[in-house]
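This briefing sets out selected packing features of a single structure.

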Amino acid sequence: MKKSHLKTPDLLPIAHKDRKITKLGFSFMWVGMCVLLATFAIGGSGVMTLSLPWVILATVIGSLAIGFFISLIADIGIEHGLSFPVYMRAPFGTIGTHIPSVTRGVAASMWFGINTYFGATAMNGILNILFGFDNWFICYFLFAIVQLVNTALGIKSVERFADMAAPVIIIISLWMYSSLSDKAAAAGRSVWSWAENPVTGGAAFTAFLVVIFSNMGFWATLSADIPSISRFIKAPANEKNWFKRNKASLIGNLIAMPLTQTFMIIIGAVAYIAVLNYDPVIALQESAGGFILAILLLMIVLAQWSTNTAANVVPAATIFINVGGPRFPFWAGVITAGIVGTVVQPWKLFGVIIPILLFVGGILSAIVGILFADYYILRKRRVNVPELYEDHGQFKYVGGVNAAGFIAWIIGAAVSYFVPEYGFLVGFLVGAAVYYVLAKYWWFKRFPQAEMEDPSDEKYLGLSVGRDWIIKEEPANQPAGQKVPDNVDLY
């Protein structure tokens, strides 16, 4: 008989023994993930109106703030071993999860395409220097294929590449900063005081806020689906202290990410100050040459590779296999992400990166708010995990849809759209508040939730009580959706 659509093997909870990402490994993943054209763009656009110290301060504030939100949502993966699209079945329903999830999946795929194009231009520069080759389009497809193969090999392969790439990225980025600073000095511009069109008063405050929320909107995508990565992070079992259990996540999100993000913002700013272009590939081509330029461009290639595999392809593939079901394996989700990311023609999206960041950040921030309200405030971290994999279980609601989640998402996203400068914060707060009220006082009155009716640690917590969630396989002669007896072998 047909297996349940919800029990895709790659989406089952990750057991404690199968969590392979270390504290250092997760931090190294962040080092690569922060080296993006969009990061450089925030720095470059920032120094159009503010001096670099103010841009740095705004970046630190925004990075720490979004790192905190990422850490909150990451606990879903660490505590229960659940991916983003699977947990979304709770606040959106077993069918409803597909709409917001695919929204994130498409966004992740678009970022894959943008970063691949950015890396391809750097790869083309290297090949042009060394061999006289000049065709960025061929470089794009070759680079895309290599990244997709690396991701399809699994999360450990992604971490291994990050471990290799991160030290190289750190060393070369310091070299890059030095080269661009020299170029700026030669142009008679002080990197620490120059601003293209300096503003004061209210305009300066608004510009400051734009930098803060651009940084937050930048990682709003990952703050929503971080469970798809965090479920692979090593964490101590039987540890009820939230901070100790999430230590590896906190180190990466609140130390490695803000430090790397800030330094890359500085490079983007210095590139703009040096040659009035925040794209370091172009800036470096004007400030260096020969073998030195090739080495500097190598950092761009490695960074895009490291970023895409961890922050874009893994989450997008996880979402697409949730839609595809048991017959749609992880590697197929990886290929789908690559196709979607290429079809949108990412080479045409550069001019609207900042508006896109603010807009997408607002839309996804409402989802982050809904996840926070559902997981922490309503369920208090207790989740009836087996029911997430049942077609006719607790989370079917009405036709597989939780109306409270969709209403809250629409309202949160709409409100954030009208205040883009504050998009992430507004979307988060409105989404969380509306969902809490609707779910607690309306939806869950109609559809009682077992973990809310009986908030038992032993029944509904995961890692913090030493539990690995094991989902039972359905026998071949049993219709999908029916529960199996307790004596059936575990999956």
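Ser249 lies in helix H13, which spans residues 247-275. The structure is a predicted model, and the points below are computed from it.

**Ser249**
- Ser249 has a relative accessibility of 1%, and it therefore counts as buried, the cut-off being under 20%.
- Apart from neighbours within four places in sequence, Ser249 is in contact with Phe26, Ser71, Ala74 and Ile78.

**Helices H1 and H13**
- Helix H1 covers residues 23-33, and its axis comes within 8 Å of that of H13, with a crossing angle of roughly 30°.
- Because angles under 35 degrees count as roughly parallel, H1 is described as roughly parallel to H13.
- The crossing of H1 and H13 is right-handed.
- On the H1 side, the contact is made by Lys23, Phe26, Ser27, Trp30 and Val31.
- On the H13 side, the contributing residues are Lys247, Ala248, Ser249, Ile251, Gly252, Asn253, Ala256, Met257 and Thr260.
- Sorted by class, the contact of H1 with H13 comprises 7 nonpolar, 5 polar and 2 charged residues.

**Nonpolar core**
- The largest nonpolar core contains 156 residues.
- Helix H15 (residues 290-324) supplies the largest share of this core, with 19 residues.
- The residues with the most contacts inside the core are Met29, Trp30, Ile169, Trp219, Trp409, Phe424 and Tyr435.
- Trp30, one of these core residues, also belongs to the H1 side of the contact with H13.
- Not counting residues up to four places away in sequence, Trp409 touches Phe92, Ile99, Pro100, Thr103, Ile363, Ala366, Ile367 and Ile370.

Methods
Residues numbered from 1 in each chain as written. Predicted model: local features only at pLDDT ≥ 70, side-chain atom pairs only at ≥ 80, totals over all residues. Heavy atoms only, no water. Core = buried A, V, L, I, M, F, W, Y, C linked by side-chain atoms within 4.5 Å. Buried < 20%, exposed > 50% of the residue type's maximum accessible area, 1.4 Å probe, protein only. Helix = DSSP H or I, 4+ residues; strand = E, 2+ residues; numbered from the N terminus. Contact = heavy atoms within 4.5 Å. Axes fitted to C-alpha atoms, helices over the stretch in contact; angles between N-to-C directions. Parallel < 35°, antiparallel > 145°, perpendicular 65-115°, else oblique. Left-handed = near helix turned anticlockwise from the far one by under 90°. Nonpolar A, V, L, I, M, F, W, Y, C, P; charged D, E, K, R; others polar.
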